[in-house]
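Please work through the following exercises with the sequence and the model at hand. Each task is followed by a solution in steps.

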Amino acid sequence: MHNSHSAFFDEMHLDDSAVRDIYATYNRWLQDVPHQQLDSKRQEAEVLFRRVGITFNVYGEDDGAERLIPFDVIPRLLSAKEWAHLSAGAIQRVRALNMFLHDIYHKQEIIHAGIVPISILANKQYRPEMFGVDVPNQIYAHIAGIDLVRTSESQFYVLEDNLRTPSGVSYMLEDRKMMMRLFPELFRRYSIAPVEHYPQVLLNNLRAVAPVGVQDPTVVLLSPGAYNSAYFEHAFIAQQMGIELVEGQDLFVRNNAVYMRTTQGPKKVDVIYRRIDDDYLDPLVFNADSMLGVPGLLSVYRNGGVTLANAVGTGVADDKATYIYVPAMIKFYLGEEPILQNVPTFELSKEDDLQYVLEHLHELVVKEVQGSGGYGMLVGPAATKQELEEFRLRIVSSPSSYIAQPTLALSTCPTLVEQGIAPRHVDLRPFVLSGKTVTLVPGALCRVALKEGSLVVNSSQGGGTKDTWVLESEDISENKAAKKSKSTEKSELKTEAEIC
Amino acid sequence: MLSRTADHLYWMARYIERAENMARVLDVTYNMSLVPNAAESEAALWLPALEISGSLDAYERDYPKEYTSASVIHYLAMDTRNPSSIYNTLRSARENARAVRVAMTTETWENINALWLEFDQFVGVDLAKSGLREFCDWVKARSHLFRGVCFGTMLRDDAFSFVRLGTFVERADNTARLLDVKYHLLLPSDEEVGGAVDYYEWSAILRSVSAFQAYQKIFSDSIEPWRVAELLVLRSDMPRSLHACFDEITQILEQLTGNRSNECKRLAGELHAKIHYGKMNDIFQNGLHEFLSDFIDSNNMLGSEIHKTFLSATSG
């Protein structure tokens with residue numbers, strides 16, 4: 001069943017005959033399970049997901065067109081050691097990014113030091129409205145999704161940072177719940193770190209960043225509403241945290257404060273976990289046509305009357321044009337060597353890089369800066385001649401609008417597809433939470449490109465999800481399961497770091 | 001709680017209740033059609049069903065001069081053009097639920113979502129040919145389930161109150177309409193009182209509000225029109241009667257507003273008093289039809305007041 005993609009590192013198989021240590025137990029179990037049974041589990045999952053309503057809307061289709069993101073029943077496993085490495089790297093990165101955001105909206109020392117060019121201030125994602133504005137605990141990206149890919153046993157790369165309104169955490173939580181329901185026997189054999197406390201950690205963090213002087217802060221989640229593609233996730237997280245799920249029309253501004261309309265009259269709101277982009281937050285400042293936001297919100301925010309999570313203007317730090325400077329930021333702000341590497345990146349504003357990229361377009365991945373979602377992107381090896389030519393013209397006419405990277409040999413993970421079990425490319429998005437501390441729960445969203453050979457894992461492009469199991473101990477022998485005792489706190493401690 | 005959330009919960013419950021009542025009317029009307037000579041024509045049999053649902057005008061626009069059982073059944077059960085069709089009311093219930101799934105328990109949400117997923121089995125089925133009974137039974141059962149899961153899992157907070165409020169405002173309206181339309185049609189013309197057809201007709205009304213057994217138990221006597229009216233208007237121990245609905249409504253409004261007084265409470269109290277202290281003789285003397293249409297109007301007014309006081313997002 002595993003043969004063709006030997007050019008790629010596989011999460012499970014070393015070669016045709018051997019499996020990686022952490023998968024040994026799983027593999028033994030898998031050998032005994034007929035594929036039909038796996039498939040019926042997959043179907044069961046689909047029925048359950050539909051019943052719970054874990055669906056996303058597809059823009060531009062008939063309302064009522066709710067789709068499931070495909071769920072794969074074969075998990076991705078990470079050893080405790082691998083996780084320690086990844087989580088330390090992700091935390092380091094997010095700490096530096098938050099310091100960068102504070103700096104760029106205050107003294108701009110990193111520009112004066114000549115590390116980041118001044119042209120960054122012209123980036124569309126830079127919000128001059130935020131200059132000089134102090135946010136609680138100097139935290140801008142309260143929730144950060146760090147996209148990681150793997151190319152070998154030891155090599156992980158950061159593909160991109162998501163610091164605006166990163167989504168997908170509900171799949172981390174729901175996929176886990178589903179796996180525990182479908183395969184309880186596997187959870188007895190492995191000691192798998194729990195992720196269920198994510199909403200609680202997030203809520204504690206959000207409460208910790210309430211405006212100064214607020215004793216018992218009211219936290220709400222601001223959603224664009226039931227027709228947004230990620231609505232399920234908004235509802236799910238709000239419910240798990242026990243906070244109100246509000247829409248723009250539920251909020252209003254009065255006397256430098258934000259209120260929500262309740263059946264008992266107006267109620268003051270202190271922290272808004274917003275899942276609406278900057279552009280739609282406040283029609284008085286940003287997009288004037290927006291019906292999703294709250295008129296006057298930004299003015300209250302700038303005066304410190306309410307906290308927004310994530311902060312306004314984080315996009316300047318996760319833009320692809322900024323990405324290349326993150327390793328230098330880590331050195332500049334933290335005085336540390338980056339734990340996780342960036343993908344080698346060509347800057348097309350440099351003459352040499354541009355020359356090389358134009359000559360090797362068919363081998364490279366080209367991404368538009370200030371874009372997201374996998375649309376404004378060229379995957380060289382998969383592109384047609386015409387697409388290559390179109391992109392060449394676009395690059396030549398505006399080189400600084402693009403970056404290019406080598407096509408990475410993304411690792412594969414065995415996945416249940418129509419033909420049986422076959423390797424499919426995967427990535428990994430752990431969620432880093434910043435509040436009082438910077439933490440992550442030991443788990444991640446694992447996205448899988450279901451099409452054979454495809455490297456694009458986005459759900460908007462037909463990707464699916466897998467549960468990610470972080471194993472709590474290195475010893476993965478079967479007897480270990482009996483001694484399963486590691487507590488949630490312990491695994492959290494490992495990945496905690498105080499904000500300086 | 002958020003006004004918008006309350007609004008969605010209230011309408012979710014109203015739509016479920018509306019679907020249940022529509023299913024009851026369809027069910028008994030269909031039963032009547034199986035009784036020989038029950039009505040002089042198909043139209044006479046099915047028109048009242050359209051009238052009760054308040055969709056007669058719209059129906060006549062969509063199906064000019066066509067009162068066949070097939071088209072009426074389709075119109076009331078499945079037609080996407082009819083906003084009060086069971087299809088549309090259940091769909092609206094689910095849309096409202098989806099918009100505020102956070103405000104209800106997971107079990108409540110999953111119950112409504114499952115209802116909508118299960119509905120699929122009836123789509124495309126010609127219910128007039130076969131399967132109408134099963135369909136109506138299913139709608140009623142899902143409505144019972146909905147109330148049960150709310151009762152069994154929801155915190156007794158404002159969210160619960162608004163769900164209950166929606167249920168009873170809708171139910172009061174539906175019972176009043178049913179009685180008004182049917183009573184009007186069935187008032188005994190001097191001849192043929194007490195015939196077999198009459199018996200079926202009256203028992204059908206009782207069955208449509210699940211009151212047949214209650215009637216037998218309370219009166220254990222032949223079915224008399226004035227007793228049916230009394231049962232459905234004045235008896236407080238009859239769960240679908242106007243009195244029972246307003247017992248609940250006044251109580252819920254009390255819980256929602258505490259000591260504060262408002263127009264909602266005043267309206268509801270006034271209506272409640274009318275039923276609570278009303279006498280059937282007086283009602284008949286002044287005309288049952290007049291009484292019921294007044295009631296329906298006042299109940300509608302209460303609905304708008306509830307919107308103004310609790311549900312609209314314009315205050316503040």
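This is a predicted model: local features need pLDDT of at least 70, side-chain atom pairs count only at pLDDT 80 or more; totals for chains, interfaces and linings use all residues.

**Exercise 1. Confidence**

Task: State the mean pLDDT of chain B, and the ipTM and pTM of the complex.

Solution. Step 1: For chain B the mean pLDDT is 88. Step 2: Within chain B, 92% of the residues reach 70 or more. Step 3: For the complex, the predictor gives an ipTM of 0.70 together with a pTM of 0.82.

**Exercise 2. Two helices of chain B**

Task: Classify the packing of H2(B) and H4(B) from the angle between them, and name the residues that make the contact.

Solution. Step 1: Helix H2 of chain B covers residues 42-52, and helix H4 of chain B covers residues 69-77. Step 2: They pack at an angle of about 10°, and their axes are 10 Å apart. Step 3: Because angles under 35 degrees count as roughly parallel, H2(B) is roughly parallel to H4(B). Step 4: From H2(B), the contact is made by B:Glu42, B:Trp46, B:Ala49 and B:Leu50. From H4(B), B:Ser69, B:Val72 and B:Leu76 take part. Step 5: The residues of this contact comprise five nonpolar, one polar and one charged.

**Exercise 3. A helix of chain A**

Task: Decide whether helix H8 of chain A is largely enclosed or largely open, and identify its buried residues.

Solution. Step 1: A residue is buried if 20 or more other C-beta atoms lie within 10 Å of its own. Step 2: Nine of the eleven residues of H8(A), residues 231-241, are buried, so the helix is largely enclosed by the rest of the structure. Step 3: The buried residues are A:Tyr231, A:Phe232, A:Glu233, A:His234, A:Ala235, A:Phe236, A:Ile237, A:Ala238 and A:Met241. Step 4: After H8(A) comes A:Gly242, with a positive phi near 70°.

**Exercise 4. Strand S22 of chain A**

Task: Describe the burial of S22(A) and find the strands with which S22(A) pairs.

Solution. Step 1: S22(A) spans residues 445-449, and five of its five residues are buried, so the strand is largely enclosed by the rest of the structure. Step 2: A:Leu445, A:Arg447 and A:Ala449 point one way from the strand, while A:Cys446 and A:Val448 point the other way. Step 3: S22(A) pairs with strand S19 (residues 420-429) of chain A in the antiparallel sense over four bridges. A:Cys446 is the bridge partner of A:Leu428. Step 4: Four bridges also join S22(A) to strand S23 (residues 463-470) of chain A, and these two run antiparallel. Here A:Gly463 is the bridge partner of A:Ala449.

**Exercise 5. An open sheet and its loop**

Task: Give the strand order of the sheet that contains S8, S9 and S10 of chain A, and examine the loop between S8 and S9.

Solution. Step 1: The three strands form an open sheet in the order S8-S9-S10, with antiparallel pairing. Step 2: S8 and strand S10 (265-269) are the edge strands, each pairing on one side only. Step 3: Neighbouring strands are turned by 40° against each other on average, direction ignored. Step 4: S8(A) and S9(A) are paired over four bridges, and A:Arg254 has A:Ala257 as its bridge partner in S9(A). Step 5: A:Asn255 lies in the loop between strand S8 (251-254) and strand S9 (257-262), and A:Asn256 is also placed in the loop between S8 and S9. Step 6: Although not a glycine, A:Asn255 has a positive phi of about 50°; for A:Asn256, likewise not a glycine, phi is positive at about 55°. A:Asn255 is exposed with 8, and A:Asn256 is exposed with 12.

**Exercise 6. A cis peptide bond**

Task: Locate the cis peptide bond that joins A:Ala309 and A:Asn310.

Solution. Step 1: The omega of this bond is about -5°. Step 2: A:Asn310 belongs to the loop between strand S12 (307-309) and helix H10 (315-318) of chain A.

How values were computed. Residues are numbered from 1 along each chain as its sequence is written. Chains are lettered from A and ligands numbered from 1 in the order in which they are written. Axes are lines fitted to C-alpha atoms, for helices over the stretch in contact, and angles run from 0 to 180 degrees between N-to-C directions. Angles under 35 degrees count as roughly parallel, over 145 as roughly antiparallel, 65 to 115 as roughly perpendicular and the rest as oblique. Two residues are in contact if their C-beta atoms, placed from the backbone, lie within 7 Å. Ala, Val, Leu, Ile, Met, Phe, Trp, Tyr, Cys and Pro count as nonpolar, Asp, Glu, Lys and Arg as charged, and the others, Gly among them, as polar. pLDDT is the predictor's confidence in each residue, from 0 to 100. Two strands pair if DSSP finds at least two bridges between them.
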